[in-house]
Amino acid sequence: MVLTNEAIFPANRHALYEAHGYSAAIKSGDLVFVSGQVGSRDDGSPEPDFKKQVELAFDNLKAVLEAAGCSTDDIIDVTTFHTDPENQFADIMEVKASVFAQAPYPNWTALGVNWLAGFDFEIKVIARAPSA
C-alpha cells in the first residue's frame with residue numbers, strides 16, 4: 001500500500017503557513033501530524049496573557065484537527081513546549097483538564113525551551129483520523 005501525504009490547512013490560517021513555508025498538518029494514511037500550534041491572535045501576534053495564549057493554542061489546534069476530520073478525542077500523542085514550565089504549569093494543567101476531561105488521556109511530553117518566536121507555549125500532536 002502506497003501512502004500519500006495530504007497537506008491540511010484550517011480556514012483563515014493559510015497566510016501564516018505560507019509566510020513560513022510549512023503545512024498546518026500532514027495527513028498520511030489515517031495519521032495526522034499537526035505542526036506546533038501557538039496562541040496567536042488574528043494578526044499573528046502572541047496573546048500577551050499566558051493562560052489566554054494557551055487557550056488560543058488549543059483553539060488553533062482544534063481548527064487544524066477539524067480541517068483534517070478529527071477532534072481532540074483522536075489525539076494519540078502530545079508534545080508541548082514551555083518557556084517557563086515551573087511558573088506556567090498550573091495554567092497549562094487547567095486548560096489541559098478542560099480539553100482532555102476524561103481518560104484515556106493521550107501520551108504527553110513537555111519540554112522547557114528558551115525561545116518560541118515570541119510565544120510562551122506551543123503544542124504539536126499526532127492524531128488518528130476516524131474511519132469514514
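Glu 94 is partly exposed, at a relative accessible area of 45%, where partly exposed covers the range between buried (under 20%) and exposed (over 50%), with a 1.4 Å probe and protein chains only. The model is predicted: local features need pLDDT of at least 70, side-chain atom pairs count only at pLDDT 80 or more, and totals for chains, interfaces and linings use all residues. Residues are numbered from 1 along each chain as its sequence is written, and side-chain values use heavy atoms, with hydrogens and water left out.

**Salt bridges**

A salt bridge is a side-chain nitrogen of Lys or Arg within 4 Å of a carboxyl oxygen of Asp or Glu. The count by this rule is 2. In one of them, Glu 94 pairs with Lys 51, with 2.4 Å between the closest N and O atoms. Lys 51 belongs to helix 2 (residues 50–67) and Glu 94 to helix 3, so this pair ties together parts 43 residues apart in sequence. Helices (H or I, at least four residues) and strands (E, at least two) are DSSP runs, numbered from the N terminus.

Arg 128 and Asp 30 also meet through their side chains in a salt bridge, at 3.0 Å from N to O. This pair links distant parts of the chain, 98 residues apart: Arg 128 is in strand 6, and Asp 30 is in the loop between strand 2 (25–28) and strand 3 (31–38). The other three partners have these relative accessible areas:

| Residue | Class | Relative accessible area |
|---|---|---|
| Lys 51 | partly exposed | 24% |
| Asp 30 | partly exposed | 36% |
| Arg 128 | partly exposed | 40% |

Glu 122 lies in strand 6, which spans residues 121–128. Glu 122 is buried but has no salt bridge, and the nearest side chain of opposite charge, Lys 124, is 7.6 Å away. Contact means heavy atoms within 4.5 Å. Apart from neighbours within four places in sequence, Glu 122 is in contact with Gly 36, Gln 37, Val 38, Thr 79, Thr 80, Phe 81 and Leu 116.

Thr 109 lies in strand 5 and is partly exposed, with a relative accessible area of 38%. With neighbours within four places in sequence set aside, Thr 109 is in contact with Val 78, Thr 79 and Thr 80. Thr 109 and Lys 52 are 57 residues apart in sequence, and their C-alpha atoms are 21 Å apart in space.

**Backbone features**

The peptide bond from Ala 103 to Pro 104 is cis, with omega near 5°. Pro 104 is in the loop between helix 3 (85–99) and strand 5 (107–112). Ala 117, in the loop between strand 5 and strand 6, has phi near 55°, a positive value in a residue other than glycine. The relative accessible area of Ala 117 is 47%, so this residue is partly exposed.

**The whole chain**

The protein has 3 helices and 6 strands, in the order β-α-β-β-α-β-α-β-β along the sequence. Its radius of gyration, taken over C-alpha atoms, is 14 Å, in agreement with the value near 14 Å for a compact globule of 132 residues; the globule rule is 2.2 Å times the number of residues to the power 0.38. The C-alpha atoms fill a box of roughly 45 × 35 × 20 Å along the principal axes. Of the 132 residues, 39% count as buried. Among contacts with a separation of 6 or more, 69% are between residues 24 or more positions apart.

Conventions. Lys, Arg positive; Asp, Glu negative; His and termini not counted.
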